[in-house]
Amino acid sequence: MRLTSLPILASAAILAGALVSCSGRKEADPQAQALYDGASEAFQARDYSRATLLLDSLQKTFPSELGLQREAMALRPKVIEQATLLKISTNDSLVATDRLCLEKLRPEMMWVKNPRMIEGYWVSKSAYNPDFMNTTGLQGRVSEIGEFYIVSSMNPSSLHHTAVSLSDGASSVRTPDVTYDGESNYRISGSEVITFSPAQSDTIGKFAYSHADIPLTLTFHGKSSKSVKLTRAQVKALSDAYAYSRATIEARDLEAQRRHLEATLQVARNQIARTSSDVSDTDAPSSEAQ
């Protein structure tokens, strides 16, 4: 009995050795394994930034660790999926906040467009004045695509102003100079009017937005300077226009971001399905083995 069992045991040992040799498997590098384990633990802890960082490090530092690289390829789209779902949740919260802001501001705004105008604009109802060009003041407007800009008017025309500034007494902001060109800076019916671009208007709008509850001083700068007081209501009208612009642009940006996140999520889920299928195909016994 003992004599016959020895050849059998020897044959089993040889076969096991052959199987290990044919599989080509070896123990993973401890540092590579630590990176993968860390990424997996970070994923379970919902620390998707760290999981991604560790997976990137594993891919870059240990490209020859094919077994771990394959496991990492299956883990990465799961990390992306969950990180993207988290971003979508944040996006949805911001959209809800933005929608409330627009719903609050829209009743305060009015759309102005007449046949003589090339483009219409939104303006605070309290600031709308069909005779604005014949007055001295500053008006905040919002274009159809949501850009905030200001229009200054001085009547009678005497200063030939090229810029305006706002001050609270302790600090101030000023637009860039816009020289007279008959277009952005022009004269009409005894008034001098400047339509500042959105980029030129932003500091004024932001300043009014941060000082919406106090009166400010508006100064026209040209051959000399002239200052007028803006009431709280006038400052709030500028602030409302600026806030409406910000909310409109933010809503558009969030919508575009949502579409991008949804596309990213779909790609990640497709990858998860592919890697799951690959694992199933590898684990399933072949017809020859059966």
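Contact means heavy atoms within 4.5 Å. By that rule, residues 24 or more positions apart account for 60% of the contacts in the protein chain with a separation of 6 or more. The model is predicted. The protein chain holds six helices and ten strands. Of its 290 residues, 33% are buried.

**Helices α2 and α3**

- Helix α2 covers residues 30-44, and helix α3 covers residues 48-61.
- The two pack at an angle of about 160°, and their axes lie 8 Å apart.
- Angles over 145 degrees count as roughly antiparallel, and α2 and α3 are therefore roughly antiparallel to each other.
- Their crossing is left-handed.
- From α2, the contact uses A32, L35, Y36, G38, A39, A42 and F43.
- From α3, the contact uses Y48, R50, A51, L54, L55, S57 and L58.
- Sorted by type, the residues of this contact are eleven nonpolar, two polar and one charged.

**Helices α3 and α4**

- The axes of α3 and α4 come within 10 Å and cross at roughly 155°.
- That angle makes α3 roughly antiparallel to α4.
- The crossing of α3 and α4 is left-handed.
- On the α3 side, the residues that meet α4 are Y48, A51, T52, L55, D56, L58 and Q59.
- On the α4 side, they are L68, Q69, A72, L75, R76, V79, Q82, A83 and L86.
- This contact divides into ten nonpolar, four polar and two charged residues.

**Nonpolar cores**

- In soluble globular proteins, nonpolar side chains tend to be buried together.
- The largest nonpolar core here has 28 residues.
- Which of its residues touch the most other members? They are L138, I150, V164, L166, L218 and L238.
- Helices α4 (66-105), α5 (198-210) and α6 (232-283) each supply at least two residues of this core.
- Strands β3 (137-142), β4 (148-154), β5 (163-167) and β9 (216-221) also supply at least two each.
- Helix α6 gives the most to this core, with seven residues.
- Take I150 as a close-up of the largest core. Leaving out residues up to four places away in sequence, I150 touches L138, Q139, G140, V164, T175, I194, T195, F196, S201, I204 and L238.

**Backbone exceptions**

- Most residues other than glycine have a negative phi, and most peptide bonds are trans.
- Where does R46 sit? R46 is in the loop between α2 and α3.
- R46 is not a glycine, yet its phi is positive, at about 65°.
- R46 is exposed, with a relative accessible area of 66%.
- H160 is in the loop between β4 and β5.
- H160 also has a positive phi, near 55°, and is a residue other than glycine.
- Its relative accessibility is 33%, so H160 counts as partly exposed.
- The loop between β4 and β5 also holds P156.
- The peptide bond from N155 to P156 is cis, with omega near 5°.

Terms used:
Residues numbered from 1 in each chain as written. Predicted model: local features only at pLDDT ≥ 70, side-chain atom pairs only at ≥ 80, totals over all residues. Heavy atoms only, no water. Axes fitted to C-alpha atoms, helices over the stretch in contact; angles between N-to-C directions. Helix = DSSP H or I, 4+ residues; strand = E, 2+ residues; numbered from the N terminus. Parallel < 35°, antiparallel > 145°, perpendicular 65-115°, else oblique. Left-handed = near helix turned anticlockwise from the far one by under 90°. Nonpolar A, V, L, I, M, F, W, Y, C, P; charged D, E, K, R; others polar. Core = buried A, V, L, I, M, F, W, Y, C linked by side-chain atoms within 4.5 Å. Buried < 20%, exposed > 50% of the residue type's maximum accessible area, 1.4 Å probe, protein only.
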